Amino acid sequence: VGNGYGEDENGKWIARQYYAVYTDNKGNLIKSVEIMETLKSNKIWESDGYSSASVECDSHGNLYLRDMDKHEIFVLSSDGTIITNYTYPSEEGKETLQILRTMDGEVLFAYRIETGLKIVWLNPEDGTTKELITVDKLSVSQWYGLFGNTLYYTADNKLFGWNIATGQQN
């Protein structure tokens with residue numbers, strides 16, 4: 001959540017503070033953590049005036065901040081410190097990353113490559129990645145989305161489901 005928006009000395013619109021806000025499933029505040037210093041010291045969202053809304057959270061309270069200009073994901077712990085970062089491939093001038101979240105609260109990243117779509121899991125503990133699947137772009141005609149842990153899409157006039165937790169396709 002950005003706060004204290006206004007113009008900087010160059011007339012650029014920026015957030016002066018940024019908080020990670022944690023709630024329970026009823027919306028009651030558990031805690032809030034000020035992360036502006038982490039954003040500034042790592043130049044995350046610097047070109048956006050520290051006002052990007054590209055944030056995901058996993059079931060462990062880790063934050064995944066996407067910086068589209070750098071094509072990079074920064075993982076912050078629930079206390080606001082950086083755990084790791086990951087640079088993802090991108091087509092020139094196009095933002096290609098999609099973020100998916102499983103029922104178990106794991107965060108996956110899908111990004112376009114020349115031959116199709118690659119889905120990877122980023123380990124928040126050490127920054128390693130695990131490639132889960134690469135789908136041939138010529139075979140997919142429509143992506144429908146994630147329901148539970150199953151990603152649905154059509155190819156060759158058939159509906160397919162791919163369980164992103166187990167890797168099983170049907």
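**Exercise 1.** In the hairpin of β15 and β16, which residue takes a positive phi?

*Solution.* This is a predicted model, in which local features need pLDDT of at least 70 and side-chain atom pairs count only at pLDDT 80 or more, while totals for chains, interfaces and linings use all residues. Residues are numbered from 1 along each chain as its sequence is written, and side-chain values use heavy atoms, with hydrogens and water left out.

Begin with the strands, which are DSSP runs (E, at least two residues) numbered from the N terminus: β15 covers residues 150-155, and β16 covers residues 158-163. The two pair in the antiparallel sense over 6 bridges, where pairing requires that DSSP finds at least two bridges between the strands. The hairpin has 2 residues between the strands, and aspartate 156 takes a positive phi near 50 degrees.

**Exercise 2.** Determine how many residues of β15 are buried.

*Solution.* Buried means under 20% relative accessible area, exposed over 50%, and partly exposed in between, with a 1.4 Å probe and protein chains only. By this rule 5 of the 6 residues of β15 are buried, while buried residues make up 39% of the 170 residues in the protein chain.

**Exercise 3.** Describe the surroundings of aspartate 67.

*Solution.* Aspartate 67 lies in strand β7, residues 63-67, and is buried, with a relative accessible area of 3%. Leaving aside neighbours within four places in sequence, aspartate 67 is in contact (heavy atoms within 4.5 Å) with several residues, among them Lys43, Trp45, Phe74 and Tyr88.

How values were computed:
Helix = DSSP H or I, 4+ residues; strand = E, 2+ residues; numbered from the N terminus.
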